[in-house]
Amino acid sequence: PTSAQVSAVPHSGRYCYTLDNDLLSTEQRQFYEDNGYLLIKNLVSDEDIERFRKEFMRICKREVKPPGVMIMKDESLRSQFGQSEKVVNKVQDFQEDEELFRYCTLPEVLKYVECFTGPNIMAMHTMLINKLPDSDKQTFLHPMHQDLHYFPFRPASRIVCAWTAMERAHQDNGCLVVQPGTHKTALKPHGYPEWEGKTNKLFHGLLDEDENIPKVHLVMEKGDTVFFHPLLIHGSGINRTSGFRKSISCHFASSECHYINVKNTIQEHLEKELQEMVCKKYDATSVELKDIWNFRARLVQGERINL
């Protein structure tokens with residue numbers, strides 16, 4: 001409960017991406033303003049992470065089937081491994097799984113989220129990522145991208161991702177890679193990279209990546225959590241180890257954010273792809289992008305206003 005200490009408007013002039021609060025030090029706040037991300041060490045307990053891991057395994061084995069969840073697999077491995085964590089690379093939209101959704105309600109996470117969103121907080125997009133060993137095909141290399149490309153709501157500065165390492169993340173197993181300061185740029189055109197046979201459904205990337213912008217590999221220990229802006233350019237490498245690199249994440253937004261119409265914008269082609277996927281999954285004839293996000297969204301703190 002940090003609502004009383006957080007102002008609902010950015011500090012006049014000096015700060016654009018954070019709200020006045022009693023949690024972040026001046027140095028932490030300035031670091032996020034300058035770089036677009038902030039790494040907090042040892043934020044989520046081992047006990048919670050083990051609970052999330054167990055629930056992920058139950059979903060892989062189909063012991064539980066949460067409504068609305070999207071399970072993304074490497075189909076080429078199914079004949080070899082069947083239903084197991086060796087096949088599933090992502091569990092997405094777990095907002096109806098009470099055990100995994102606990103991540104989005106952890107007080108230690110929400111108190112930081114509130115420094116970016118304000119007191120009325122929606123969980124908009126949830127994921128547990130299980131990066132599979134992938135040294136040859138590079139199937140699960142995630143190209144550099146901006147998360148705002150996927151989101152039809154604004155303003156961007158009231159959206160933040162919390163991403164927690166469920167085990168040590170480093171260059172060998174495909175840790176996050178960020179380009180500091182790129183959150184100050186505009187949303188750029190995205191699409192499927194021209195990698196022969198290496199593109200994954202909805203793993204869009206920048207169509208014109210500036211290789212001159214320095215990259216930082218975020219080496220993280222189990223329980224470390226990074227908070228980052230939706231315009232920050234980031235991605236992740238391949239997992240060259242024999243193990244699995246798990247992380248759990250949620251994109252949070254102020255419920256005071258509003259939906260935008262993406263028709264005739266660089267996000268329009270994504271809208272069509274998402275609509276086709278949802279219509280196919282639920283045997284529907286048509287669906288609005290706003291409805292897809294309404295379905296994914298869940299209030300975690302405060303009052304539901306626009307989203």
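Me: What should I know about the model before we start?
Reply: It's a predicted model, where local features need pLDDT of at least 70 and side-chain atom pairs count only at pLDDT 80 or more, while totals for chains, interfaces and linings use all residues. Residues are numbered from 1 along each chain as its sequence is written, and side-chain values use heavy atoms, with hydrogens and water left out.

Me: How many helices and strands in the protein chain?
Reply: Seven helices and 16 strands. Both are DSSP runs numbered from the N terminus, helices being H or I with at least four residues and strands E with at least two.

Me: And how much of the chain is buried?
Reply: 57% of the 307 residues. Buried means under 20% relative accessible area, exposed means over 50%, and partly exposed is in between, with a 1.4 Å probe and protein chains only.

Me: What share of the contacts is between residues 24 or more positions apart?
Reply: 80%, counting contacts in the protein chain with a separation of 6 or more. Contact here means heavy atoms within 4.5 Å.

Me: OK, salt bridges. How many does a search of the whole structure find?
Reply: It finds 16. The cut-off is a side-chain nitrogen of Lys or Arg within 4 Å of a carboxyl oxygen of Asp or Glu.

Me: Which residue does Asp224 pair with?
Reply: Lys41, at 2.6 Å from N to O. Asp224 sits in the loop between strand E11 (216-217) and strand E12 (225-228), and Lys41 in the loop between strand E1 (37-40) and helix H2 (46-60), so the bridge ties together parts 183 residues apart in sequence.

Me: Is Asp224 buried or exposed?
Reply: Asp224 is buried, at 2% relative accessibility.

Me: Which residues are joined into one network?
Reply: Asp48, Arg51, Glu99 and Arg102, through salt bridges that share partners.

Me: Switching to sheets. Which strands pair with E12?
Reply: E1 pairs with E12 in the antiparallel sense over four bridges, and four bridges also join E7 to E12, again antiparallel. For two strands to count as paired, DSSP has to find at least two bridges between them. Leu39 stands opposite Val226 in E12, and Thr164 is opposite Thr225 in E12.

Me: Which way do the E12 side chains point?
Reply: Thr225 and Phe227 go one way, Val226 and Phe228 the other, and all are buried.

Me: What's the strand order in the open sheet?
Reply: E5-E13-E8-E11, four strands with antiparallel pairing. Strand E5 (142-145) and E11 are at the edges with a single partner strand each, so one side of each is left without a neighbour in the sheet. E8 and E11 are joined by two bridges, and Val178 stands opposite Val216 in E11.

Me: Now helices. At what angle do H6 and H7 pack?
Reply: About 65°, with the axes of helix H6 (residues 268-282) and helix H7 (residues 289-296) 10 Å apart. The axes are lines fitted to C-alpha atoms over the stretch in contact, and angles run from 0 to 180 degrees between N-to-C directions.

Me: Which residues meet there?
Reply: Glu271, Leu274, Gln275, Val278 and Tyr282 in H6 meet Leu289, Ile292 and Phe295 in H7.

Me: Last one, how many residues of H5 are buried?
Reply: Eight of the 11 in helix H5 (residues 107-117), so that helix is largely enclosed by the rest of the structure. Among the buried ones are Tyr112, Glu114 and Phe116. Just after H5, Gly118 takes a positive phi of about 90°.
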